[in-house]
Amino acid sequence: MLIKVMESSSLLDILFRDSFLHNPYKYSKEITAISMFEFEKITDSIWAHTKGETFGHVAFVKLKDRLVFIDTGYYPKVIKEARKIAEEMTGLTVKQLIITHHHGDHILGNQVFEDCEIISSKPILKILSAYWTEANTENLRKREPESFSDLRIVLPNKTFEGDYTITDDNLTLKIVQTNGHTNGSSFIFIPEEEVLIAGDLLFAKEVPYFGDETTDPYLWIDAYKKMISLSPKIIVPGHGPVCNVEEMKEQLDYMGKCVKWMENFVNKGGKKEDLEIAENFPMLDYDPYDNFELLFNRSKNRTYDVVKEKLT
Ligand SMILES: [Zn+2]
């Protein structure tokens, strides 16, 4: 499928770019052939899907009497099958859904979980409610009828500020709102399993996207530090392969370099319009994803805005 990038900078486009362009895996009708959908077993209680069929990764945790799902990917029909497979595999029903942040590739499958408690930090509900008017939803239905003809945006029905815990006799899911990648961004830590599900607070083995209009690289750095301090053994990122804390450290180091570079640039009187041609901005040595230049410029511009505000 060809990915079209529009020139206006509406939130819709940001969501779309974000949704598509984060994704290192090209959308393929064969991959989304539903019968091929698989979950990867992370521990005895946790499964994740990180192969790209959902765009943003999804995961689920098995509690004693129910499943807790995390994020809903991009395609409702793919996530519908994912839920079915999770429930068949475990003989349990999904009762709760946690949303890590508002980007389209993490929430567009929400309608599959309409019967569940849908949990998110408060800013996520605010951003989603403001954006997903009937007109914008209809726009997407028309734009991609094959995938979204019956799209309904289902919003979180349980919100929290700071953090929120789900627990049973065996496991604890600590949901921690840090912001950073976006306003409202949260991760989930399961201490008994030493597993951390990072959402887009971690892009593994790729350059992160920090160009959302609510990205705050300073808060993201704090988020990396907080996640590292929990010493998770296994980390499920929002994009890229399942990894460990070394990957988190590399990304922390990278974000630190980006901020330092920008502070220097701003202190020397550098202008935003010169950012695009600034050649020595820090870079990670990974294959670029689709429309990388455009997205990376957004990331640089957003970093400029946040740094400039902080320094003045
Ligand atoms: Zn994202």
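Strands here are DSSP runs of E with at least two residues, helices are runs of H or I with at least four, and both are numbered from the N terminus. What you are looking at is a predicted model, in which local features need pLDDT of at least 70, side-chain atom pairs count only at pLDDT 80 or more, and totals for chains, interfaces and linings use all residues. Residue numbers start from 1 along each chain as its sequence is written.

Back to the strands. β3 (residues 58-62) and β4 (residues 67-70) run antiparallel and are joined by four bridges. Two strands pair if DSSP finds at least two bridges between them. As background, strands of a sheet pair through backbone hydrogen bonds, either parallel or antiparallel.

β3 and β4 sit in an open sheet of seven strands, ordered β1-β2-β3-β4-β5-β6-β7, with mixed pairing. At its edges are β1 (40-41) and β7 (158-160), each with a single partner strand, so one side of each has no neighbour in the sheet. Helix α4 (residues 122-131) lies across β6 (117-121) and β7, at about 100° to β6. Angles run from 0 to 180 degrees between N-to-C directions, and axes are lines fitted to C-alpha atoms, for helices over the stretch in contact.

Valine 176 stands opposite phenylalanine 187 of β10.

Next, the helices. Helix α7 (residues 217-229) packs with helix α8 (residues 245-267) at an angle of about 155°, their axes 10 Å apart. That makes α7 roughly antiparallel to α8; the cut-offs are under 35 degrees for roughly parallel, over 145 for roughly antiparallel, 65 to 115 for roughly perpendicular, and oblique for the rest. The contact includes Trp220 and Tyr224 of α7 and Leu252 and Met255 of α8, where contact means C-beta atoms, placed from the backbone, within 7 Å. By class, this contact of α7 with α8 has 13 nonpolar, two polar and two charged residues. Nonpolar covers Ala, Val, Leu, Ile, Met, Phe, Trp, Tyr, Cys and Pro, charged covers Asp, Glu, Lys and Arg, and the others, Gly among them, are polar.

How does α8 pack with helix α9 (residues 292-311), and at what angle? The angle is about 60°, and the axes are 9 Å apart. α8 and α9 are therefore oblique to each other. Among the residues making this contact are Met262 and Val266 of α8 and Thr303, Tyr304 and Val307 of α9. The contact of α8 with α9 divides into seven nonpolar, two polar and two charged residues.

Last, one residue. Methionine 262 is found in α8. Is methionine 262 buried or exposed? It counts as buried, because it has 25 C-beta neighbours inside 10 Å; the cut-offs are 20 or more other C-beta atoms within 10 Å for buried, 12 or fewer for exposed, and in between for partly exposed, with C-beta atoms placed from the backbone. Leaving out residues up to four places away in sequence, methionine 262 touches Thr303, Tyr304 and Val307. The C-alpha atoms of methionine 262 and valine 307 are 6.8 Å apart, although the two residues are 45 residues apart along the chain.

Key: Two residues are in contact if their C-beta atoms, placed from the backbone, lie within 7 Å.
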